Amino acid sequence: MTETKNKSFQDKFTEAAMKFGAEVHLRSLRDAFSIMMPLFILAGLAVLINSVIFPRILSESSLQTAGYWASSIANATLNVSGFILCGIIGFTLSRNKSYSSPYTCVMVALASLIVMMPQTLKISGIDGSEVSATGFLSFGNLGTTSMFAGIIVGLLSTELYLKLAKIEKLKINLGGDVPPQVNTSFNNMIPVMLTIIIFSLVSFVLYVVFNNDLITLITTLIQEPLRKVNTSLLGTVIIYSFGNLLFTFGIHQTVVNGTILEPLLLVNMNENMAAAAAGKEIPYIINSTFVPTFGMLGGTGSTICLLIALFLFYRNNQQYKELSKLAIAPGIFNINEPVIFGFPIVFNLPMIIPFVLTPAIGLVLAYFATAVGFMNKCTVLVPWTTPPLLNGFLATGGDFRAVIVQLITIVIGVVLYLPFIKISERVSKKQAQVAK
């Protein structure tokens, strides 16, 4: 009876988690960030080249000229990331809702975001004085600081447009021999116009009544408070560990991390890269590169530690030996499904403990190593498939001390995994004996 209840709870928990992960808005956000990843990686590479490679091969005067190239990359990626993300969200959400013209939603989302931006900007002169200017869009309202605003406006404008587009009375059908694309444009005309008008009216009310704009309100009231909590050391460790715990029940950790944590970590990372490109002080320790670099050594659960433990201490175990051979190649590139489902770690109670604890220890260790100045902050967005040790070196702008921190984490992880491997082995043997 107890076993039936336990299975029932597990089934319900799994079903609820899967529904959460498959929710169309969250799924659209993950899709949008995945599409944008090449831009963020390009920005990271530009920072790496400008801050590490150029200073070693160029003179002081040439560095200033070369900085023009790095600035142009930053402007094309980080400094318009909120704007681009808003349009991509319009596309991914409408596509995931099977709308026939997703590019229309891109247009609506971008127009809605611009209409919500302040029409008058304060610009600082060379002498430090401020003047008001109109007719400009600032990188401050288009880039990383407006990323959360881009998310919210992208989702809301697309939802509003899709609802209006379903109303038959708002469609203009030309009929006859009109080309399909022209007919589609007229069908969408009134919903497109109404959506942008509604957002413009909201923008007008905010300006007239509160002397403010939506971008500033979202940034100050939503993005910054959330970021302070979720990307703090405690918040990151709790959220990331919970995501890893879900993985031990067969539910991919991106269900939690990819929706609650990753967007905010990415804002931190983008601001770090922008600061590095501008030669300013790096603001954040915890960001979207820091977490996988020090909390995902060999994949979720830092399972490179498990593979090393198996290789060093379980050579005579044929099962573990074969598993190590199979898993080591993908594990080097942080792909560890062969370990998670082959060992297995999923639904294996003894292995859940090191699988969740090892990444948490790595994050805490790296945080304090950075906070005390032992190693540089992460300023380069490296692909998550970059092998351990190399990713630490690249992410910190070529700081070998980050590699030392990773090596210490790996040693701690191996020691932590060893007793639980032994317990898991004993449990497997007893289960085999009972099965006989």
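The bend at a residue is taken as the angle between two axes, one fitted to the seven residues ending there and the other to the seven starting there. In this predicted model, local features need pLDDT of at least 70 and side-chain atom pairs count only at pLDDT 80 or more, whereas totals for chains, interfaces and linings use all residues. Residues are numbered from 1 along each chain as its sequence is written, and side-chain values use heavy atoms, with hydrogens and water left out.

Helices are DSSP runs (H or I, at least four residues) numbered from the N terminus. Helix α2 (residues 24-57) bends by about 45° at methionine 36, and proline 38 follows within four residues. Helix α4 is followed by serine 98, whose phi is positive, near 60°.

A search of the whole structure finds 5 salt bridges, a salt bridge being a side-chain nitrogen of Lys or Arg within 4 Å of a carboxyl oxygen of Asp or Glu. Among them, arginine 95 pairs with aspartate 31, with the closest N and O atoms 3.8 Å apart. Because arginine 95 lies in helix α4 and aspartate 31 in helix α2, this pair ties together parts that are 64 residues apart in sequence. Arginine 95 is partly exposed, with a relative accessible area of 39%, and aspartate 31 also counts as partly exposed, at 24% relative accessibility.

A salt bridge is also formed between the side chains of glutamate 271 and arginine 227 (3.3 Å, N to O). This pair links distant parts of the chain, glutamate 271 being in helix α11 (residues 254-277) and arginine 227 in helix α9 (residues 214-230), 44 residues apart. Glutamate 271 is buried, with a relative accessible area of 16%, and arginine 227 counts as buried at 3% relative accessibility. Together with Glu224, Arg227 and Glu271 are linked in a network of salt bridges. In a further salt bridge, aspartate 399 meets arginine 401 with the closest N and O atoms 3.0 Å apart; aspartate 399 counts as buried at 5% relative accessibility, while arginine 401 is partly exposed at 25%.

The structure also holds 8 aromatic pairs, for which rings of Phe, Tyr and Trp (its six-membered ring) must have centres within 6.5 Å, with planes under 30 degrees apart counted as stacked, over 60 as edge-to-face and the rest as tilted. One of these pairs, phenylalanine 247 with phenylalanine 355, is edge-to-face, at 6.4 Å centre to centre and 85° between the planes. The two residues are 108 residues apart, in helix α10 (residues 233-247) and helix α16 (residues 349-371) respectively, and the pair thus links distant parts of the chain. Both phenylalanine 247 and phenylalanine 355 are buried. Tyrosine 314 and tyrosine 320 form another edge-to-face pair, with 5.5 Å between centres and 80° between the planes, and both tyrosines are buried. Ring pairs join Tyr314, Tyr320 and Phe343 into a cluster.

How values were computed: Buried means under 20% relative accessible area, exposed over 50%, partly exposed in between (1.4 Å probe, protein chains only).
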